[in-house]
Amino acid sequence: MIIVHHLNNSRSQRILWLLEELGLEYEIKKYQRDPKTMLAPPELRAVHPLGKSPVIQDGDTIVAESGAIIEYLVGRYGNGRLEPKPDTPERLRYTYFLHYAEGSAMPPLLLKLVFDRVENSPAPFFVRPIARAIANRVKDSFVLPQIRQHLAFLEGELAERDWFAGDAFSAADIQVSFPLEAAAARGGLDGKYPKLSGFLERIHARPAYRRALERGGKYDFVK
């Protein structure tokens, strides 16, 4: 039995969705973030030294990191499903987006979350204006332009094909879903990006996506 160590409002929701798409049986061990710090509880360190989610256990095998977990599950249990055939342009795109989602798309979204908290966190009255000014300057000069650049890039990719790897839905779409969900909540993904908005509507309508939300809980991104 596959065990998913699942943290609320985290990347591990993608793994539940993937398991539902593959039709695999699995067990969820749930963890809750600290409501003040939003950090994962220390119990997760007993599973993996970094104490982060997602982590899966498959017998004696423990796999961490969303991309690695997706490659492991699709490779071991997919039987050719949810990944393009080897040595095709679609397979190269598939591999690219598996890495792009965390390596390129997520960092500016995480920076925006950090500086939003700096801007809105309690501070002495004489410090607050300085902290807010610094946070706003960093966001306006670097973070927000980076997010807009990535959204424009992804919008353009879907202008030429139905899904990120090609014309067929794949695990790459599951991987890219998290930064797009985050961008829709707090990163400026709105009606200016009709292809990306349509992508989110299509994945939200997938039965496996809905089943994963029922089991794992809905996203509640901090805006």
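Rings of Phe, Tyr and Trp (for Trp the six-membered ring) count as a pair if their centres lie within 6.5 Å, and a pair is called stacked with planes under 30 degrees apart, edge-to-face over 60 and tilted for the rest. The model is predicted, so local features need pLDDT of at least 70 and side-chain atom pairs pLDDT 80 or more, while totals for chains, interfaces and linings use all residues. Residues are numbered from 1 along each chain as its sequence is written, and side-chain values use heavy atoms, with hydrogens and water left out.

**Exercise 1.** Find which residues the ring pairs link into a cluster, and classify the pair of Trp17 and Tyr209.

*Solution.* The structure holds twelve aromatic pairs. In the pair of Trp17 and Tyr209 the ring centres are 5.1 Å apart and the planes stand at 85 degrees, so this pair is edge-to-face. Trp17 belongs to helix α1 and Tyr209 to helix α7 (residues 207–216), so the pair ties together parts 192 residues apart in sequence; helices here are DSSP runs of H or I with at least four residues, strands are runs of E with at least two, and both are numbered from the N terminus. Ring pairs link Trp17 and Tyr209 into a cluster with Tyr96, Phe97, Tyr100, Phe153, Trp163, Phe164, Phe169 and Phe199.

**Exercise 2.** Determine which ring the charged end of Arg206 sits over.

*Solution.* A charge sits over a ring if NZ of Lys or CZ of Arg is within 6 Å of the ring centre and within 35 degrees of the ring normal. The charged end of Arg206 sits over the ring of Phe169, 3.7 Å from its centre, and Arg215 lies over the face of Tyr26, at 4.1 Å from the ring centre.
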